[in-house]
Every structure is written in structure tokens, then in C-alpha cells.
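Colleague: I have not looked at this one before. Can you take me through it?

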Amino acid sequence: MTAQYYFQPTTSGEAVDLLDKHGPGVLVLAGGTIAMPLINEGISMPEKVLSLRKAGLNTFQHKNGNLAIGSMTSLTQIGKQTEIPMLQEAAQAIGGWAIRNMGTVGGNLFAPPPAGDLAVALLALDAELILAGKGGKRRIAIEDFYTGFLTTDLREGEILEQILLPLPKGKTAYTKFGRRHANTPAVVTVAANILLDGGTVKDARLALNAVGPHPFRAKKAETALIGSTFNTAAIANASILAMGEAQPFTDAVASEWYRRKMVAVIVRRTLEKITGGG
Amino acid sequence: MASRVVSFILNGKPVEVIVKPLTTLQRILREQLGYTATKSGCRQGGCGSCTVLVNGQPMMSCLLPVEEIEGQAVTTLEGLTENGQLHPIQEAFFEKFAIQCGYCTPGMIMVSKALLDQNPMPTRNEIIQALTGNYCRCTGYEPIILAIADASRRLNGN
């Protein structure tokens, strides 16, 4: 079946109405960098497509001490903003120039591992998501968004409208480790957000991707870090714990074994960036 | 819903095409309009050989449903040559042997055009960064990097 409908709503409300009217099975298209390859290969053959590109969700603004990022904001735009350096670094590490011009913040949250590098940074930054549906809008922590490989808490008829980010209080560091320097899928990606009080860790966020069914927080490592003196021993301990929390897989990029080993190495290097940065 | 008419600006001239839903810009350019400089490589957004400029920004035409470019300005390699004269970027690619099989060249040149429009004197590293989404399996990239640096000098009058 070739596509019969291509909807281009001009507001988020119109998008939700169209989804409600046309029911399940509508493919929601953001930048197209994940969905279109599957369509080109004939793996995905949607009858109805709803594109969000013109739905007015390309926004970047301050709201009550948060940054409110519209889900259709391009990765290029995120790569240019300087307010949240970790988010800038994460966006710049994705794909090449043309892909970043097309790919969106919201769409990246639906990218299956090893893709989805922006979500790692968003997890470490305690982002919240605004999901809009016919019944209204709801706000959830990004941590609660992922439920499994390719599954999320997004309900039938809902769209991801906005990402809310508190400005980070801690020191952040981000490492995407791939087989090449650029335009590469990750072996493992690590994002850390560490709040220090003197030499003691007051709060910690450590998020990983490409080593599990979806981007996730390494909570055992976080818990071990909190309250500890932020030194070599604490970092080594957190790296080993994070390795235990990972559920790596084998693909064309790397083997399960290699990914697991690299979790410990890259977590350590990422946390050392924070100590090294003073 | 049947096919629909989409109008856009192609290389400075208005065009109208009738498209089925979800048809990519790449297919329309090559199969309907005969603009075959834009190549069809991986059709996954992975190789860059289909790169065109939309409002001056590089995009993968294989991932872009034509409906999305209604009213937008699209530039393909054909749009760079004026009166049969090669564009300075094309001349630089030719003279610096930045072409072997030529398949990646249209995409490489479109990215180069966007880069030099936005950053007339890029550093070597900025050139490399701009090219990361475009694969070349022949040249090893070095002649392409040198050609873009050379094109920058030509366009800046040196």
C-alpha cells in the first residue's frame, strides 16, 4: 500500500485533532531521518502520514526558569545554542550537517539505540516532556518516557509537543564514543551532571545510551556517587556499577562484549572531565 | 486522497509537480523533472550523494517528502552553472582532482556551496566538519578538502 494521506497540520491542536479523527496507524513524521529510510526500503508502508514540520513546534524560549524547546526544533538549532553546553555538544555529535538540518529534538527521542544521543543528555539534565492529546496535555519526566526497546509512554493519539529543561545546576560532561570521529553511531554515549558541594557529590545524574534497550540512567552508579568524595576511587566505583547496569547488544558497530567494557572506560573518562574541569 | 500539486522554486525558477503522498524530492528531481545531478545512493540519509539546498541549507533529498518543500527554494547542482560556465567550486574540484568516479561530487559541491555561502573563509577543520555527512569512496577526501579551500580563495577574489 502506498501512502494515501499526507497531513500537514499548522498547529499542535490541529495535529491532535487529525490523529483523533484518523485513528491508530497514522505515522507521525518529524524530521524524517529515521522514518524515511524505512519507507524507502519498503520496511514501513504507512497509509496515513502526519508531518509535524509546519505545526509551529519549532520554538526555543525561556519559561519560568526552564528552557522550553519545541519538539520540532532542529538539531542544527540546538547545536548552535550555547546556554546548555552539553546539549550543544550532544546535538553536534549527531549525523552530518544535512541530517542535523532535518532531524529534530523530539524525533531523536524516538530513535532506537545506538541512535538517540540527544536523549542521553536530556536524561542527565532532568528534562520533562509535554505530551499533547485529545484529552489535554500532560507533563512527565523523560526518565518515565521510555518503557522498552522502541516503546514509550506516548499514548495513542498523543504527540510530543515540548521538552522542558531546568538550567543545569551541576557540572556537565558528555562523551559520545564511536568508531569514527564524526557522523558515527555510538559504541556508548555517556552524559553526566554532577552537583558538587566542596569535594562532595551532592547530586548526580549519569545517563547512558547504545548499551540498553533505550537511553537510561545508571541509578546504582548515581546513588553510589551521591554523598561520596568525588575522587578517583568514587569514579572507578561508579564506572564499574554503570557497567553492571548496562544491557549492551551486538550490532554492526560493536559487540556486546566490547560495549560492556567501554561503558566502564567512557563513564570514567566522562566523570574525569568534570574533575579535570575544576 | 489522491495526488496533489506542489509548487516550489527550483534553481530560481518556479515549478509545479503533481505528486503522490510521501514521494521524495530526490525521485521528483530525477524521475519527473530530469534533474539527474542529484544522485540516488543509499536512500537512507547515510551517504550524502542526494544533498540539495533548501533555502540555502543542505538537506538529504532522499529523506524529504516533496510536500515539505511547498513554497521553498531548492538548489541542485544544475543551479550552479550560469550560461554554461562552471561555478568556481566546480572549477576548483576539476582542477584539484577532487573527482574520481564522480558519484559523490554533486552532493559534495552542494555542501561546499552552503559552507562557502555561510562561511566564505572556512578553516580546514570547518571544511572537514561540513563534509562529515558526505561519503567519498575514491579520493580519500584530501583533494576535496583542498578544492574547497581553493574555491574559497577563488570566490574571495584571490
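Predicted model: local features only at pLDDT ≥ 70, side-chain atom pairs only at ≥ 80, totals over all residues.

Colleague: Which domains is chain A divided into?
Modeller: Domain 1 (5–51), domain 2 (60–166) and domain 3 (171–276); the bounds come from an automatic or database domain assignment.

Colleague: How many residues of domain 2 of chain A are in contact with domain 3 of chain A?
Modeller: 23, and they meet 24 residues of domain 3 of chain A. Contact means C-beta atoms, placed from the backbone, within 7 Å.

Colleague: Which element gives the largest share of that side of domain 2 of chain A?
Modeller: H7(A), with six residues. Helices (H or I, at least four residues) and strands (E, at least two) are DSSP runs, numbered from the N terminus.

Colleague: New topic. In what order do the strands of the open sheet run?
Modeller: E11-E12-E13-E14 in chain A, four strands with antiparallel pairing. Strands pair if DSSP finds at least two bridges between them.

Colleague: Which are the edge strands?
Modeller: E11 (171–178) and E14 (216–217) of chain A, each pairing on one side only.

Colleague: And how many bridges link E12 and E13 of chain A?
Modeller: Nine, between residues 186–197 and residues 200–209. Leu195(A) of that pairing stands opposite Asp203(A) in E13(A).

Note on methods: Residues numbered from 1 in each chain as written. Chains lettered and ligands numbered in written order. Contact = placed C-beta atoms within 7 Å.
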